[in-house]
Amino acid sequence: MAGQYGKPIRSVVLAGGGTGGHIYPLLAFADCLRQHDPQLRVTCLGTPKGLENELIPPRGYDLRNVPAYQLPRSVNMNLVRTPDRMWRAARATRAVLDEVSADVVVGFGGYVAVPAYLAAWRRKTPIVIHEVNVPPGVANRMGMRFTRNVAVGFPHQVEQVPALQHARVTGVPMRRSITTLDRAARRAEARAHFGLRPDLPTLFVFGASQGARSINLAMAGAAKAITAAGVQVLHIIGARNEPVDIPPDLPVPYVTVKFLEAMELGYAAGDLALCRGGAITCAETAAVGMPAVYVPLPYGNGEQRRNALPIVDAGGGLIVDDGELTSDWIERTVVPLARDEARLAAMSAAAAAYGRRDGDEALRAFMYEVAGQ
């Protein structure tokens with residue numbers, strides 16, 4: 001396929017790594033590109049120690065590891081001009097771009113995106129940046145010095161960040177298993193998969209890709225009260241979290257898993273989510289119409305609260321501070337909500353009205369528009 005001016009695109013390089021928040025949208029976008037054009041060459045950039053090494057190769061994509069370095073939190077041109085190691089990383093990345101004859105570079109953030117932006121800029125290769133946070137991550141802030149072609153996941157980013165006021169709102173690329181999910185149609189299947197009862201309200205609990213210890217501890221303390229109220233639980237503990245002690249012999253199912261690759265089954269099984277407020281989590285819960293109680297990570301720039309707040313303002317969820325999430329709070333607030341079918345139905349409709357499921361297609365259209373200029 002060609003861009004709007006007829007230039008064919010045969011090779012796309014995708015840069016993003018370190019965390020699931022960068023890698024999962026990258027993979028969803030790669031899947032979209034491949035679905036439209038199986039002959040398109042898709043090359044992913046990563047770093048030797050990043051999570052991308054566990055996630056990208058099993059999906060069948062070419063992963064090239066290049067040097068990348070942690071950046072200071074402030075961005076200025078001296079950061080680019082002075083460190084020899086940054087230029088070494090950019091030279092190594094340019095070698096990859098040359099080898100695969102890259103027609104366009106799409107960056108999703110993370111340290112590996114910086115040498116990708118530098119190499120593409122020096123090579124005069126079109127650059128597209130996809131950003132989901134407020135404020136933008138440091139790597140993408142640097143990349144914005146080399147291109148005006150910026151896509152964002154949410155409307156509030158354009159409203160809150162002057163540097164993003166001209167960005168294209170494309171939504172967030174998500175897996176087709178999420179964007180095509182009919183929760184109601186798959187509920188019985190999903191509950192059977194986890195050994196949950198088909199007839200009980202179900203709370204779906206998860207943190208980020210690594211879990212959330214504060215949520216785990218609060219849930220462990222509330223497990224008896226939750227299940228005594230007739231609410232069953234599906235709880236993703238997190239692959240790298242210490243185990244928590246869930247009381248035995250509870251009256252209704254309380255199912256724990258370390259990690260869940262098929263998140264669509266969790267969304268289908270649950271009536272209400274208790275989760276963090278990462279950008280990908282917010283995009284997914286809104287897209288599938290999952291009512292949620294968001295517990296923003298209490299560190300960083302407050303971006304998780306900003307991610308969740310528009311959904312909450314639209315009527316699709318609640319927010320509770322991490323420090324206020326106690327077992328008692330869960331018993332007082334979450335349990336009655338999980339049992340309120342009418343309120344959950346209204347919240348589900350509100351979340352779905354805010355969310356969007358076409359982030360991969362919208363970003364693809366933007367990329368072809370940019371690359372054809």
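Colleague: In which loop does K124 lie?

Modeller: In this predicted model, K124 lies in the loop between α5 (113–123) and β5.

Colleague: Why is K124 called exposed?

Modeller: The relative accessible area of K124 is 74%. A residue counts as exposed when that value is over 50%, so K124 is exposed.

Colleague: What makes the backbone of K124 worth a remark?

Modeller: K124 has a positive phi of about 60 degrees although it is not a glycine. Most residues other than glycine have a negative phi.

Colleague: Which other residue has a positive phi although it is not a glycine?

Modeller: S101 has one, of about 55 degrees. S101 is found in the loop between α4 (84–99) and β4 (104–107).

Colleague: Why is S101 called partly exposed?

Modeller: Its relative accessible area is 44%. Buried requires under 20% and exposed requires over 50%, with partly exposed in between; S101 is therefore partly exposed.

Colleague: What makes the peptide bond from V134 to P135 cis or trans?

Modeller: Omega is near -5 degrees for the bond from V134 to P135, and the bond is cis. Most peptide bonds are trans. P135 is found in the loop between β5 and α6, and N133 is placed in the loop between β5 (127–131) and α6 (138–143).

Colleague: What does the UniProt record list for "binding site"?

Modeller: The unreviewed UniProt entry lists T19, G20, G21, N133, R175, S209 and Q304 under that heading.

Colleague: How do you know whether N133 is buried or partly exposed?

Modeller: N133 has 21% relative accessibility. Buried means under 20%, so N133 counts as partly exposed. G21, which is found in helix α1 (residues 20–36), also counts as partly exposed, because its relative accessibility is 29%.

Colleague: Which residues is N133 in contact with, leaving aside its neighbours within four places in sequence?

Modeller: They are Q157, A279, E303 and N307. Contact here requires heavy atoms within 4.5 Å.

Colleague: Why are β10 and β13 said to stand at the edges of their sheet?

Modeller: The sheet is open, with six strands in the order β10-β9-β8-β11-β12-β13 and parallel pairing. β10 (254–257) and β13 (317–319) each have a single partner strand, so one side of each is left without a neighbour in the sheet. From one strand to the next, the twist averages 15 degrees.

Colleague: How do you know that β9 and β10 are paired?

Modeller: Pairing requires at least two bridges. Four bridges join strand β9 (residues 232–236) to β10, and the two run parallel. As one example, H235 has T256 in β10 as its bridge partner.

Colleague: What makes the buried residues of α9 line one face of the helix?

Modeller: In helix α9 (residues 183–194), R183, A190, R191 and F194 are buried. Seen down the axis of α9, the buried residues fall within an arc of 95 degrees, so they line one face. A185, A188 and A192 are exposed on the other side of α9. Among the elements covering the buried residues of α9 are β8, β9 and β10.

Conventions
Residues numbered from 1 in each chain as written. Predicted model: local features only at pLDDT ≥ 70, side-chain atom pairs only at ≥ 80, totals over all residues. Heavy atoms only, no water. UniProt positions renumbered as here; feature names shortened; annotations may be inferred. Buried < 20%, exposed > 50% of the residue type's maximum accessible area, 1.4 Å probe, protein only. Axes fitted to C-alpha atoms, helices over the stretch in contact; angles between N-to-C directions. Arc of directions from axis to C-beta.
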